[in-house]
Amino acid sequence: MEHDWANLDLDRAARTGDPEVVYGAGKTPEQVLALLRGLGVAHPDRAVLATRLGPQTQQLLATELPDADVDPVARTATYGPLPRPHGKVAVIAAGTSDLPVAGEASATIRAFGAGVEQIVDVGVAGLHRILGARERFADADALIVIAGMEGALPSVVGGLTGVPLVAVPTSVGYGASFGGLAALLGMLNSCAPGVVVTNIDNGFGAGVHAARIARTIGKATGR
């Protein structure tokens, strides 16, 4: 499906198992609406996703696509029926300020066919909080661990479990956090083995990766 400003990849679902996702930043509300509608027509039996949506785009989608699930915190919109979830991803966020990234990851996981449990405000400043939440992520097939500031939480969680773990640095923090660079470097230098890292604030990328792990395990084990 072609526009003079976009060329939708309608074969992506056949190649990868998942439809194309609309990245909303830099697009007008009308462009996002047209793309989401086009993907919905091409994949009527499968939810399609748009990310990084500004307030005006969210308002337009809520008006024009009343069946869409528009999340103002995650800045996402999901349109169409969600696939049956297979497997489970635990999304663990260090602080409430990390919720936009955690929400983006969670919306992505659901759209990509895995179950999700979100665990929020368990950062290392109060170590008892993450220790008290261990039972909630012990049975997960994949983990996403999100943190700003110094980015220490993925190393702590990586030392508590052998579940595949994707770390997401966020731009939350004061001046010397350098917009998430401090957290990114801390996670890349994690002493916990098996921690892999996405780009700063990339909840979407982490969600895709973790959902594919979880749904593969879930389908193989009948969950």
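Start with the open five-stranded sheet, ordered β6-β5-β7-β8-β9 and paired in parallel; strands (E, at least two residues) and helices (H or I, at least four) are DSSP runs numbered from the N terminus, and two strands pair if DSSP finds at least two bridges between them. Color the edges next: β6 (115-120) and β9 (195-197) each have a single partner strand, so one side of each is left without a neighbour in the sheet. On average, neighbouring strands are turned by 25 degrees against each other, direction ignored.

A word on what you're viewing: this is a predicted model, where local features need pLDDT of at least 70, side-chain atom pairs count only at pLDDT 80 or more, and totals for chains, interfaces and linings use all residues. Residues are numbered from 1 along each chain as its sequence is written, and side-chain values use heavy atoms, with hydrogens and water left out.

Now select 142-147 and 165-169: these are β7 and β8, parallel and joined by five bridges. Click Val-145 and you'll find its bridge partner in β8, Ala-167.

Over to β5 and β6, parallel with six bridges between them. Here Ala-90 has Glu-117 in β6 as its bridge partner. Follow the chain from β5 through α4 to β6: this β-α-β crossover is right-handed (with the strands pointing away from the viewer, the path from the first strand over the helix to the second runs clockwise).

Last, select 87-219, listed by UniProt as "domain: PurE" in an unreviewed entry; UniProt positions are in the numbering used here, feature names are shortened, and annotations may be inferred rather than shown by experiment. That stretch is 41% helix and 20% strand, with its end C-alpha atoms 7 Å apart.

Note on methods:
Axes fitted to C-alpha atoms, helices over the stretch in contact; angles between N-to-C directions.
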